[in-house]
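Here are a few exercises to work through with the model open in your viewer. Try each task yourself before reading its solution.

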Amino acid sequence: MKSSSPSWIKLFILQCLAVVCVAQDFDFFYFVQQWPGSYCDTKQSCCYPTTGKPAADFGIHGLWPNYKDGSYPSNCDPDSPFDQSKISDLSSSMQRNWPSLACPSSNGFTFWGHEWDKHGTCSESVLDQHDYFSSALGLKTQLNLLQALKTAGIQPNGQFYSLSSIKGAIKAGTGYTPYIECNVDVSGNSQLYQIYMCVDNSGTNLIECPVFPHGRCGSSIEFPSF
Ligand code: 5GP
Ligand code: 5GP
């Protein structure tokens with residue numbers, strides 16, 4: 001009888017399956033939330049959604065597939081356009097948790113469609129359109145960033161806080177270190193604009209970020225009201 005393949009061949013085939021043949025199309029996600037008061041309190045204008053002024057809470061910006069080297073894929077599948085009928089069961093939660101503040105006022109579908117087309121189509125191997133949006137909604141609830149900040153006495157009241165106290169509050173509340181992105185208010189102050197947390201490539205588990213985006217805030221950061 002013919003002997004089976006030597007073990008080094010089997011090992012080679014297994015490695016091929018793990019590394020080459022099933023190449024990962026991304027390494028992790030950034031889950032990005034925006035503070036509406038900072039989006040609006042700049043030289044750029046903002047417009048409330050057609051459904052009314054959102055709650056004074058962080059809103060989702062997006063769930064962005066990323067590579068560990070800091071680069072990222074985008075617009076991966078033109079054959080999978082955003083289809084709002086696929087998330088009809090999520091739309092009221094989306095209006096509350098993922099409001100669009102861009103002008104002109106919209107019901108959010110343009111923003112969500114942009115996020116799906118640019119980022120969501122790059123993680124279709126793990127999350128279909130419905131799961132992409134429902135994962136993001138679940139992550140927002142799980143993180144509860146505003147509560148983590150408030151617990152540490154950091155409130156959206158126009159006061160200034162140190163970058164390290166903001167990061168420390170989020171680490172204490174969620175278990176993970178955020179990346180903080182600032183923008184500049186009309187008077188030139190650095191303010192808390194977006195918070196990035198990292199999620200593994202299943203889209204469900206928080207992880208420490210393999211790499212952080214570039215960019216710096218001032219050491220004293222305004223947290224505007226909304
Ligand atoms: P900005 O240039 O304003 O920081 O980012 C503009 C857009 O580029 C973001 O809203 C997002 O769609 C994309 N982007 C910026 N930085 C990153 C990143 O580090 N990872 C990913 N996946 N997308 C990013
Ligand atoms: P990005 O490419 O940066 O992921 O997405 C930003 C795009 O979404 C821009 O074209 C922006 O005009 C639009 N957009 C709509 N609503 C919002 C919003 O509330 N916040 C941000 N950052 N962008 C929004």
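## Exercise 1: the ligand site

A polar side-chain atom of Lys118 sits 3.0 Å from an oxygen atom of ligand 1, which makes a polar contact (a pair of N or O atoms within 3.5 Å). A word on the ground rules: this is a predicted model, in which local features need pLDDT of at least 70 and side-chain atom pairs count only at pLDDT 80 or more, while totals for chains, interfaces and linings use all residues. Residues are numbered from 1 along each chain as its sequence is written, chains are lettered from A and ligands numbered from 1 in the order in which they are written, and side-chain values use heavy atoms, with hydrogens and water left out.

**Task.** Find which residues are around ligand 1, and describe how the protein covers this ligand.

**Solution.** 

1. Start with the contacts to nitrogen: a backbone N or O atom of Pro65 is 3.2 Å from a nitrogen atom of ligand 1, and a polar side-chain atom of Tyr72 is 3.4 Å from a nitrogen atom of the ligand.
2. Next, the cover: ligand 1 taken alone exposes 490 Å², and the protein buries 63% of that (Shrake-Rupley method, 1.4 Å probe).
3. Now list the shell (residues with a heavy atom within 4 Å of the ligand): Tyr30, His61, Trp64, Pro65, Asn66, Tyr72, Lys118 and His119.
4. Sort the shell by type: four residues are nonpolar, three polar and one charged. Here Ala, Val, Leu, Ile, Met, Phe, Trp, Tyr, Cys and Pro count as nonpolar, Asp, Glu, Lys and Arg as charged, and the others, Gly among them, as polar.
5. Finally, strand 2 gives the largest share of the shell, four residues (strands are DSSP E runs of at least two residues, helices H or I runs of at least four, numbered from the N terminus).

## Exercise 2: the salt bridges

**Task.** How many salt bridges are there?

**Solution.** 

1. The count is two.
2. Lys140 pairs with Asp57, with the closest N and O atoms 2.9 Å apart. Lys140 belongs to helix 5 (residues 129-143) and Asp57 to the loop between helix 2 (36-40) and strand 2 (59-66), so the pair links distant parts of the chain, 83 residues apart.
3. Check accessibility (buried under 20% relative accessible area, exposed over 50%, partly exposed in between): Lys140 is buried at 9%, whereas Asp57 is partly exposed at 24%.
4. Glu208 and Lys171 also form a salt bridge, at 3.0 Å from N to O. Glu208 lies in the loop between strand 6 (206-207) and strand 7 (220-222) and Lys171 in helix 7 (residues 163-174), so this pair ties together parts 37 residues apart in sequence.

Key:
Salt bridge = Lys/Arg side-chain N within 4 Å of Asp/Glu carboxyl O. Buried < 20%, exposed > 50% of the residue type's maximum accessible area, 1.4 Å probe, protein only. Polar contact = N/O pair within 3.5 Å; in protein donor to acceptor, adjacent residues only side chain to side chain.
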